[in-house]
Amino acid sequence: MGNEIIKAAGSQLPTTPTQMNITASGEGTAIGVVNGGITINASNEFTALLLKVAGQQPPTSHIAEWASLNQEQFNVFVLENEKYSCGVFSIGRKIALTKHTSKEYKDHFNPLTDSIIHELLDMPCLFAIKNQDYMTAFNGCPAFLGRLTQIQCQEETIRFEFKYFKTFNQKLINDNIQRFHLSSSTVRNQLDVEHWSIRNGNLIQIAADMGIIIE
């Protein structure tokens with residue numbers, strides 16, 4: 001017989017294999033489709049390796065990093081003409097830590113020495129866009145939570161590098177301005193003016209209470 005292929009009489013190979021999902025256990029993740037049922041006991045590390053080999057990056061979790069940030073103060077950024085683009089934006093020195101920041105914080109966080117910058121990098125951040133009208137953002141206007149990764153003082157501006165953890169609708173802030181520990185009056189609120197401020201409060205808990213889940 002040698003290298004001949006033996007087929008049973010009258011039998012035919014299926015032209016299209018039956019697809020069945022892979023299941024995984026042991027804190028593993030099911031990946032792909034195979035012929036026939038198969039069970040893989042894969043660890044998360046093994047799953048990450050498979051994704052890397054396949055040219056896919058596993059999703060990054062920000063839960064632990066978010067939870068490790070300052071729970072007493074947080075940064076608030078509201079931009080008008082500037083954009084949160086490619087992880088970098090700038091704020092003019094004239095609107096930095098002036099409006100909506102207590103005198104105590106103004107005195108403490110100015111000037112921006114290395115030790116002060118370290119404190120700021122350890123704070124959670126609320127990033128927003130200036131309201132289109134008083135107390136009202138444009139429809140679908142995004143806001144997001146994140147943290148600063150670098151601060152660089154320039155002549156007339158301060159340059160910030162950042163990364164974001166969660167995007168949500170800015171309307172949620174406008175509708176719950178006091179719950180976010182932001183200042184407001186009967187006709188205006190803190191998102192009506194471009195600025196950078198430091199506010200007192202636990203933004204991590206505030207976000208959780210508002211149903212904003214960091215993943």
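1. Basis of the note. The model is predicted, with local features needing pLDDT of at least 70 and side-chain atom pairs counting only at pLDDT 80 or more, while totals for chains, interfaces and linings use all residues. Residues are numbered from 1 along each chain as its sequence is written, and side-chain values use heavy atoms, with hydrogens and water left out.

2. Aromatic pairs. Rings of Phe, Tyr and Trp (its six-membered ring) are taken as paired if their centres lie within 6.5 Å, and a pair is stacked when the planes are under 30 degrees apart, edge-to-face when over 60, and tilted for the rest. The count under this rule is 19 aromatic pairs. One of them, Phe77 with Phe127, is stacked, with 5.6 Å from centre to centre and 10 degrees between the planes. Phe77 belongs to strand β5 (residues 73-79) and Phe127 to strand β7 (residues 124-129), so this pair ties together parts that are 50 residues apart in sequence. Helices (H or I, at least four residues) and strands (E, at least two) are DSSP runs, numbered from the N terminus. Both Phe77 and Phe127 are buried, where buried means under 20% relative accessible area, exposed over 50%, and partly exposed in between, with a 1.4 Å probe and protein chains only.

3. Tyr84 and Phe162 make an edge-to-face pair, with 6.0 Å from centre to centre and 80 degrees between the planes. This pair links distant parts of the chain, 78 residues apart, with Tyr84 in the loop between β5 and β6 (88-92) and Phe162 in strand β9 (residues 157-169). Phe162 has 9% relative accessibility and therefore counts as buried. Phe77, Tyr84, Phe127 and Phe162 are among the members of one aromatic cluster, which also includes Phe89, Phe144, Phe160, Tyr164 and Trp196.

4. Strand pairing around β9. Two strands are said to pair if DSSP finds at least two bridges between them. Strand β9 pairs with β6 in the antiparallel sense over 5 bridges, and in this region Ile91 stands opposite Ile158 of β9. Strand β8 (residues 142-153) also runs antiparallel to β9, and 11 bridges join the two; Pro142 has Asn169 in β9 as its bridge partner. The strands β8 and β9 form a hairpin, with 3 residues between them.

5. The largest nonpolar core. A nonpolar core is a set of buried Ala, Val, Leu, Ile, Met, Phe, Trp, Tyr and Cys residues joined through side-chain atoms within 4.5 Å. The largest such core has 24 residues, of which Phe77, Leu120, Leu148, Ile151, Phe160 and Trp196 touch the most other members. Two or more residues each come from β5, β6, α4 (114-121), β7, β8, β9 and β10 (195-200), and the largest share, 4 residues, is from α4. Phe160 is placed in strand β9 and, at 0% relative accessibility, counts as buried. The C-alpha atoms of Phe160 and Leu148 are separated by 6.8 Å, the two residues being 12 residues apart along the chain.

6. The largest pocket. On a 1 Å grid over the protein atoms alone, a pocket is an open set of points with protein on both sides within 12 Å along at least five of seven lines, and lining residues have an atom within 4 Å of a point. About 160 Å³ of space lies in the largest pocket, a volume being the space filled by probe spheres set on the points, which are joined across faces, edges and corners. The lining includes Arg93, Leu97, Lys106, Asn110, Pro111, Ile158 and Trp196.

7. Backbone details. Asn110 and Pro111 are joined by a cis peptide bond, with omega about 10 degrees, and Pro111 lies in the loop between α3 (103-108) and α4. Leu97, in the loop between β6 and α3, has a positive phi near 55 degrees although the residue is other than glycine, and Leu97 is buried, with a relative accessible area of 10%. Met135 likewise has a positive phi, near 65 degrees, but is partly exposed, with a relative accessible area of 27%; its place is in the loop between β7 and β8.

8. Thr60 is found in the loop between α1 (44-53) and α2 (63-67) and is exposed, with a relative accessible area of 59%. Thr60 and Glu215 are 155 residues apart in sequence and 8.2 Å apart in space, C-alpha to C-alpha.

Conventions
1 Å grid on protein atoms, 1.4 Å probe; cavity = no way out; pocket = protein on both sides within 12 Å on 5 of 7 lines; lining within 4 Å.
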